[in-house]
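Take a look at the protein below. We will walk through how its parts pack together.

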Amino acid sequence: MKRPLEASAEGRGRIVGITDGVFAIALTLIVLEIRVPAHETVHSEHDLLVAIAALAPRFLTYALSFLTLTIFWFGQQAQHGLIAKSDRRLATLNLCFLAFIALLPFSTDLLADFLEFRTAVLVYWLNLLMLGVTLFASWRYADKNGFVAEDADAETKRTVYLRIIKAQILWAIGALLCLITPLLSVGFILVVQLIYATALRGSLLRKVIG
């Protein structure tokens, strides 16, 4: 009979399953915040164009958070591909990570409504920071407790650590740019997200094809 904290491949499988479900819900919630203009406020083509243009901040923050979720989903997939088994502590760390994924629709909505305020940018950045902290903690725990697959060499493990740290440094720089203007901060973070999403997607595809 297995002990509650005993590591197993089945435990890893359950983590993968719940992770995909939480990401799917978060992706759905962020787009639901983009609402079609109220019909009673639109009486002409011009009114409709103005109403759509007013949604620009929400489209911007939707793109930002879609890329954020893409980055962390690819990152989680890469880590899960390298982790052979899991125990209750690792599952708890992953649930903490998913808690901040579930919080992203709120920080996205806040940023869309208050795009001109530094506080909204900082709240969004704190969400990114905690995602990075919990992802890093999960990987470190798996690495230190021998849960990483035997064919994962030291360079691969180091790459995972560095990828998380580099992203957090860049996002911190982006957050500091809000001292100049919040829009500059959001633009910088968006560019970083685009670069990371493209790089992680290519890396994962090479792993699958190779």
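Helices α4 and α5 pack at an angle of about 165°, and their axes lie 9 Å apart. Angles over 145 degrees count as roughly antiparallel. So α4 is roughly antiparallel to α5. The crossing of α4 and α5 is left-handed. Keep in mind that this is a predicted model.

Why give two numbers for a pair of helices? Two packed helices are described by the angle between their axes and by the distance between the axes, so both numbers are needed.

Now bring in α3. With α4, it packs at an angle of about 165°, and the two axes are 8 Å apart. That makes α3 roughly antiparallel to α4. This crossing of α3 and α4 is right-handed. On the α3 side, the residues in contact include P57, R58, L69, F72, Q76 and H80. On the α4 side, they include N94, F97, I101, L104 and L111.

How do α3 and α5 run relative to each other, parallel or antiparallel? Their axes cross at roughly 5° and come within 11 Å. Angles under 35 degrees count as roughly parallel, so α3 is roughly parallel to α5. From α3, this contact uses L64, S65, T68, F72, Q76, Q79 and L82. From α5, it uses Y124, L128, L131, G132, L135 and W139.

Step back to the whole chain. The protein has seven helices and zero strands. Along the sequence, the pattern reads α-α-α-α-α-α-α. Buried residues make up 40% of the 210 residues. Now consider contacts between residues at least 6 apart in sequence. Of these, 80% join residues at least 24 apart.

What lies inside? The largest nonpolar core has 44 residues. Among them, F72, F97, I101, L111 and W171 touch the most other members. The elements that give two or more residues to this core are α1 (9-32), α3, α4 (88-113), α5 (118-144), α6 and α7 (182-209). Which of them gives the largest share? Helix α5 does, with ten residues.

Pick out I101 from that core. Leaving aside neighbours within four places in sequence, I101 is in contact with V22, F23, A26, L69, F72 and L131. One of these partners, F72, is also among the core members that touch the most others.

Q76 sits in helix α3, which spans residues 56-82. Is Q76 buried or exposed? Its relative accessible area is 1%, and buried means under 20%, so Q76 is buried. Beyond residues up to four places away in sequence, Q76 touches T19, N94, F97 and L135.

What does the side chain of Q168 reach? It reaches the backbone oxygen of L128, at 3.1 Å. Setting aside neighbours within four places in sequence, Q168 is in contact with L128, L129 and G132.

Not every residue here is buried. L27 is found in helix α1. L27 has 29% relative accessibility, so L27 counts as partly exposed. Not counting residues up to four places away in sequence, L27 touches F66 and L69. Along the chain, L27 and L69 are 42 residues apart. In space, they are 7.3 Å apart, C-alpha to C-alpha. L69 is also one of the residues that I101 contacts.

Finally, turn to V191, which is found in helix α7. At 45% relative accessibility, V191 is partly exposed. How far apart are V191 and L64 in sequence and in space? They are 127 residues apart in sequence. In space, the C-alpha atoms of V191 and L64 are 9.0 Å apart.

Conventions. Residues are numbered from 1 along each chain as its sequence is written. This is a predicted model: local features need pLDDT of at least 70, side-chain atom pairs count only at pLDDT 80 or more; totals for chains, interfaces and linings use all residues. Side-chain values use heavy atoms; hydrogens and water are left out. A polar contact is a pair of N or O atoms within 3.5 Å; within protein, one must be able to donate a hydrogen and the other to accept it, and residues adjacent in sequence count only if both atoms are side-chain atoms. Contact means heavy atoms within 4.5 Å. Helices (H or I, at least four residues) and strands (E, at least two) are DSSP runs, numbered from the N terminus. Buried means under 20% relative accessible area, exposed over 50%, partly exposed in between (1.4 Å probe, protein chains only). A nonpolar core is a set of buried Ala, Val, Leu, Ile, Met, Phe, Trp, Tyr and Cys residues joined through side-chain atoms within 4.5 Å. Axes are lines fitted to C-alpha atoms, for helices over the stretch in contact, and angles run from 0 to 180 degrees between N-to-C directions. Angles under 35 degrees count as roughly parallel, over 145 as roughly antiparallel, 65 to 115 as roughly perpendicular and the rest as oblique. A crossing is left-handed if the near helix is turned anticlockwise from the far one by less than a right angle, and right-handed if clockwise.
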